[in-house]
Every structure is written in C-alpha cells, then in structure tokens.
Amino acid sequence: MPLRTAAATIAKGKTMTRFRIALVGAAGRMGQAIADVAVSENAEIVAKSDLGDQITSANADVLIDFSSATAAEAICDAAMKSSTALVIGTTGHSAKEKQAIETAARKIPVVFASNFSIGVNALFSLTEQAAKILGENFDLEIVETHHRMKKDAPSGTAKTLAGILQRVRQTKNLRHGREGISGEREKSEIGIHSVRGGDVVGDHTVIFAGQGERVELTHRASSRETFARGALRAARWVIRKPAGLYDMRDVLAL
Ligand code: NAD
C-alpha cells in the first residue's frame with residue numbers, strides 16, 4: 001500500500017517515515033494513550049472519532065481502533081472504502097464481528113492483536129514452550145486482573161493464552177470460573193478466571209500446576225504506554241503490507 005505521507009525524518013540515527021493515523025475510540029483511555037505518544041513515534045493523528053461520530057479514514061495511512069467490538073463492522077467498512085490499512089486493538093468481538101474483520105483482511109492489510117505489548121507477546125511464546133515442556137500432567141489455569149471499567153471478560157489476552165494452551169494440549173475444554181460443588185478438576189480442562197478492580201492496567205498469569213511443583217508465568221502492565229507504542233509499531237509495519245490478517249507476532253517477527 002502506498003504511503004500517502006512522504007516526509008521522512010532522521011530520529012536517533014535511523015530513518016522514521018512520518019505516517020498519518022485515523023483514530024477510533026479517541027476519547028477513551030487507549031485513545032488518549034495513543035495521542036500522548038504519537039508525536040514521539042513520528043505519527044500524526046489526522047482524524048479522531050468516538051461514539052456517535054462518523055468513522056472516517058480519509059487522508060490517513062492507517063486506521064487504529066481502540067473502541068468497542070460493536071464498532072467493528074463500521075470500522076472495517078470505512079477502512080475498505082478508502083483502502084486504508086487497519087490496526088484493531090479492541091477486544092471482545094462476537095463471531096459475526098470477527099467475520100467482518102476476516103472479510104476486510106481479504107481486501108486490506110489488518111493487524112488484529114489482543115495485546116500490543118512486547119512483554120505479553122513474549123509471554124505468548126513462553127506459554128507455548130512451557131506447555132510443550134511440562135506436558136499433560138500439569139493442570140492449566142489462567143488468571144487475569146483488570147481495572148473496574150473493563151467491559152469484556154475474560155480479556156482478549158487471556159483468550160489468546162487459552163487458544164495457545166488449547167492448541168498444544170489438543171483440547172476445547174475451557175472452564176470459566178468455578179462455583180458450588182464443581183467436582184474434581186478434569187485433566188483436559190483449562191481454567192480461566194477474571195478479577196476486576198481499581199485501576200489495574202492488566203495482569204496475566206498462566207499457572208502450570210503439577211504434583212509437588214508449580215510454574216507460574218506472569219506479565220504485569222503498569223502503563224498503557226506499552227500498548228500504545230506497540231500499536232503504533234504495528235501501524236507503521238502494516239501500511240506497507242499486502243492484504244491479509246496479521247497479529248503482533250507477525251509485526252515482531254516472533
Ligand atoms: P475506554 O472505554 O476507555 O474507551 C473506549 C472508547 O471508545 C470510549 O471513548 C467510547 O466512547 C468509544 N466508543 C465506544 N463505542 C464506540 C463506537 N461504536 N464508535 C466509536 N467509538 C466508540 O476503553 P479502553 O480502555 O481505551 O479500551 C478500548 C478497547 O481496547 C477495549 O476493547 C480494550 O479491551 C482494548 N484494549 C486492547 C489493548 C491491546 O493491547 N490490544 C490494550 C488495552 C485495551
């Protein structure tokens with residue numbers, strides 16, 4: 001995809017091409033975090049929209065979405081209409097909303113990632129490795145903690161972790177919390193638990209519990225800046241890619 005903005009600057013000894021963003025969910029926490037770091041990433045926000053606004057990607061090199069899953073179809077339509085690359089950070093999509101994203105990715109390049117932090121993407125790789133090394137005698141549980149305003153549960157990141165464990169262990173058996181006489185744990189099950197409270201930016205722990213030992217892999221985000229910088233890195237990367245559906249592991253070449 002041609003870069004509409006040609007201006008190039010030299011930053012810290014390397015060339016960083018300036019690029020233009022249309023931002024959806026601009027008034028939200030992540031929208032604000034993107035705005036805070038955009039200039040230092042040599043990105044310019046040329047269009048902002050939030051709930052009730054017309055979504056537009058005109059004059060932008062890339063459209064970045066941190067809004068609501070319900071906006072997915074409108075966002076995909078706007079990006080396809082102007083052949084603009086798309087970065088989707090929003091989580092909690094239904095099957096139909098995911099389908100809209102997959103359809104868009106046949107026409108435009110799309111990065112769709114449940115978590116843009118490098119640390120969490122390292123956690124994804126480490127989780128896969130640990131699950132392979134430890135094998136089926138270790139019980140798998142995921143615990144995620146987020147601030148009280150978060151709307152979806154479990155988090156998109158916890159779902160990605162569960163997907164990794166499901167692939168390694170060849171199971172579909174997800175257990176969302178336990179209550180009452182829940183019975184003995186099934187060997188094939190992967191537990192997922194969501195904790196909500198205060199201003200926690202995002203914690204994820206994968207527990208591998210065996211006989212006489214336990215391994216826990218934990219990532220804690222203390223600032224949204226890491227997600228914002230990662231999303232801008234993905235945006236810069238996806239502008240030049242052919243149509244297709246990518247995730248953060250593609251961006252980081254993991
Ligand atoms: P937020 O509630 O602070 O902000 C969301 C913003 O989107 C709000 O200003 C809201 O008015 C707006 N909005 C809602 N519906 C809209 C619509 N139909 N069209 C346009 N704007 C709309 O939430 P947040 O903490 O900024 O998180 C936003 C999303 O990003 C959530 O789904 C969250 O899970 C996800 N998130 C992803 C990552 C990641 O790394 N991928 C990191 C943090 C948050």
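Reply: The residues lining the largest pocket divide into 14 nonpolar, 20 polar and 7 charged; here Ala, Val, Leu, Ile, Met, Phe, Trp, Tyr, Cys and Pro count as nonpolar, Asp, Glu, Lys and Arg as charged, and the others, Gly among them, as polar. The model is predicted, so local features need pLDDT of at least 70 and side-chain atom pairs count only at pLDDT 80 or more, while totals for chains, interfaces and linings use all residues. Residues are numbered from 1 along each chain as its sequence is written, and side-chain values use heavy atoms, with hydrogens and water left out.

The largest pocket has a volume of about 1,000 Å³. Among the 41 residues that line the largest pocket, R29, M30, F66, S67 and T90 are the closest to its centre. A pocket is an open set of points on a 1 Å grid over the protein atoms alone, where a 1.4 Å probe fits, with protein on both sides within 12 Å along at least five of seven lines; lining residues have an atom within 4 Å of a point. Grid points are joined across faces, edges and corners, and the volume is the space filled by probe spheres set on the points.

At least two lining residues of the largest pocket come from each of α1 (29–38), α5 (156–169), β11 (202–209) and β12 (214–221). Helices (H or I, at least four residues) and strands (E, at least two) are DSSP runs, numbered from the N terminus. Domain 1 (8–116 + 225–251) and domain 2 (118–221) each supply at least three residues of this lining, with domain bounds taken from an automatic or database domain assignment.

The second largest pocket holds about 500 Å³ of space. Of its 24 lining residues, K98, F112, S114, G156 and T160 are the closest to the centre. Helix α5 gives the most to this lining, with 6 residues, and α3 (95–104), α4 (118–134) and α7 (248–251) are among the elements that supply at least two each. By class, the lining of the second largest pocket has 7 nonpolar, 11 polar and 6 charged residues. Domain 1 and domain 2 each contribute at least three residues to the lining of the second largest pocket as well.

The peptide bond from A153 to P154 is cis, with omega near -10 degrees, and P154 sits in the loop between β8 (139–146) and α5. Most peptide bonds are trans.

Next comes the nonpolar packing. The largest nonpolar core has 32 residues, of which V62, I64, V87, V111 and F116 touch the most other members. Such a core is a set of buried Ala, Val, Leu, Ile, Met, Phe, Trp, Tyr and Cys residues joined through side-chain atoms within 4.5 Å. Helix α6 gives the most to this core, with 7 residues. Beyond four places in sequence, the contacts of F116 (heavy atoms within 4.5 Å) include F66, V111, F227 and M248.

A228 lies in helix α6 (225–238) and is buried, at 0% relative accessible area; buried means under 20%, exposed over 50% and partly exposed in between, with a 1.4 Å probe and protein chains only. The C-alpha atoms of A228 and V37 are separated by 7.1 Å, although the two are 191 residues apart along the chain.
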